Amino acid sequence: MQKIEEVIVHPLVLLSVVDHYHRVAKETKKRVVGVLLGETYKGRLDINNSFAVPFEEDPQDPKVWFLDHNYLETMFGMFKRINAREKIVGWYSSGPGVKVPDIQINESFKKYETNPIFVVIDIQASETLELPAQAYVSKEEVNEEGSIVKNFLHLPTILGCSEPEEVGVEHLLRDVRDVAATSLATETQHKIAALKAMLTRIQTIQEYIESVLNGEKVNHEIFFKLQEAFNHLPDTNSLSQEFAVNQNNTYLALYLASITRSVLSLHSLINNKSKA
């Protein structure tokens with residue numbers, strides 16, 4: 001697989017995972033696992049299909065797990081007859097988050113794909129105000145002891161759809177959308193949700209910086225990203241000055257308008273007196 005720069009998760013995948021979870025693990029602490037199918041083009045990976053795979057793991061021992069590879073290969077053979085362009089690009093988990101055995105599970109998928117993509121699809125994402133899908137790829141790193149270890153590297157992930165999928169999603173939303181809610185109320189709810197999500201991220205950044213100050217190992221890449229974000233912040237000093245200038249201009253216009261109205265009123269009064 002060529003180097004992936006962006007992962008696009010399509011609506012059909014989200015719907016399939018939700019259906020898989022509600023059929024198998026609803027109201028339990030279990031998670032579900034399945035295969036992701038898609039296509040790669042110029043560093044962009046479109047994950048547009050998926051199917052469930054029987055999976056079990058021991059809640060007491062995270063190293064004990066079972067994935068039915070025979071079922072996986074049989075199902076993929078049937079999917080390939082329908083669309084030969086789709087290939088196995090990775091696997092998904094209903095989470096929440098990345099778990100201990102996920103590196104080993106990811107290694108087992110290298111039988112079908114050289115560098116498989118791992119996507120965590122959070123079924124309860126609406127409560128956390130986070131994007132419901134997060135993609136990862138395994139990466140070898142050298143730890144402090146000099147040995148090579150494998151960790152997950154996060155990939156930029158977005159939700160996208162083609163025109164036919166967009167039409168289908170629109171029809172589905174008609175059944176769940178609150179018709180009583182006005183557009184203003186909807187926009188306000190979206191703004192509130194966005195602000196809450198931003199606050200959560202700021203708190204995460206604060207916790208990380210505090211942990212570094214307390215002696216945790218520094219990740220320079222994270223600080224480079226933080227510095228890049230700070231560089232995009234506006235200059236508040238110049239912003240306040242411009243705001244003051246605009247405010248003064250507005251007050252000047254209001255003052256001149258008030259004087260003009262007063263002069264016109266006096267002029268009308270004088271005309272009325274002269275006629276009398």
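Rings of Phe, Tyr and Trp (its six-membered ring) form an aromatic pair if their centres lie within 6.5 Å; planes under 30 degrees apart count as stacked, over 60 as edge-to-face and the rest as tilted. The structure shown here is a predicted model, in which local features need pLDDT of at least 70 and side-chain atom pairs count only at pLDDT 80 or more, while totals for chains, interfaces and linings use all residues. Residues are numbered from 1 along each chain as its sequence is written, and side-chain values use heavy atoms, with hydrogens and water left out.

View A. The structure holds 8 aromatic pairs. One of them joins Trp91 and Phe109, which are stacked, with 5.7 Å from centre to centre and 10° between the planes. Trp91 lies in strand S6 (residues 87–93) and Phe109 in the loop between helix H3 (102–108) and strand S7 (117–121), so this pair ties together parts that are 18 residues apart in sequence. Helices (H or I, at least four residues) and strands (E, at least two) are DSSP runs, numbered from the N terminus. Trp91 counts as buried because its relative accessibility is 0%, and Phe109 counts as buried at 1%. Here buried means under 20% relative accessible area, exposed over 50%, and partly exposed in between (1.4 Å probe, protein chains only). Phe118 and Phe152 make a tilted pair, 5.2 Å centre to centre with 40° between the planes. Since Phe118 sits in strand S7 and Phe152 in strand S9 (residues 148–155), the pair ties together parts that are 34 residues apart in sequence. Phe118 is another buried residue, at 0% relative accessibility. Trp91, Phe109, Tyr112, Phe118, Tyr136 and Phe152 form one aromatic cluster.

**View B. The salt bridge of Asp102 and Arg31.** A salt bridge is counted when a side-chain nitrogen of Lys or Arg is within 4 Å of a carboxyl oxygen of Asp or Glu. By this rule the count comes to 9 salt bridges. In this view the side chains of Asp102 and Arg31 meet at 2.8 Å, N to O. Asp102 belongs to helix H3 and Arg31 to the loop between H1 and strand S2 (33–41), so the pair ties together parts that are 71 residues apart in sequence. Asp102 counts as buried at 0% relative accessibility, and Arg31 counts as buried at 4%.

**View C. Salt bridges around Lys150 and Glu107.** The side chains of Lys150 and Glu107 meet in a salt bridge of 2.9 Å, N to O. This pair links distant parts of the chain, with Lys150 in strand S9 and Glu107 in helix H3, 43 residues apart. Lys150 is partly exposed, with a relative accessible area of 29%, and Glu107 is partly exposed at 27%. A network of salt bridges links Glu107, Lys110, Glu140 and Lys150.

View D. Strands pair if DSSP finds at least two bridges between them. S2 runs antiparallel to strand S3 (residues 44–53), joined by 9 bridges, and Gly34 stands opposite Ala52 in S3. The hairpin of S2 and S3 has 2 residues between the strands, and Lys42 takes a positive phi near 50° there. S2 also pairs with S6 in the antiparallel sense, over 6 bridges, with Leu36 opposite Gly90 in S6. Arg44 forms a salt bridge with Asp46, the closest N and O atoms being 2.9 Å apart. Arg44 is partly exposed, with a relative accessible area of 38%, whereas Asp46 counts as buried at 14%.

**View E. Helix H1 and its buried residues.** Helix H1 (residues 11–24) has 14 residues and reaches 20 Å from its first C-alpha to its last, close to the 20 Å expected at 1.5 Å a residue. That expected span is 1.5 Å times one less than the number of residues. Pro11, Val13, Leu14, Val17, His20 and Tyr21 are the buried residues to look for in H1.

**View F. A nonpolar patch on the surface.** Leu252, Tyr255, Leu256, Ile259 and Val263 form this patch, with about 480 Å² of accessible area together. Accessible areas come from the Shrake-Rupley method with a 1.4 Å probe, and for residues only the protein chains shown count as cover. Patches are made of residues with over 30% relative accessible area and no salt bridge; like charges are joined within 9 Å, and nonpolar side chains (Val, Leu, Ile, Met, Phe, Trp, Tyr) within 5 Å. Tyr255 has its place in helix H8 (residues 236–275) and counts as exposed at 53% relative accessibility.
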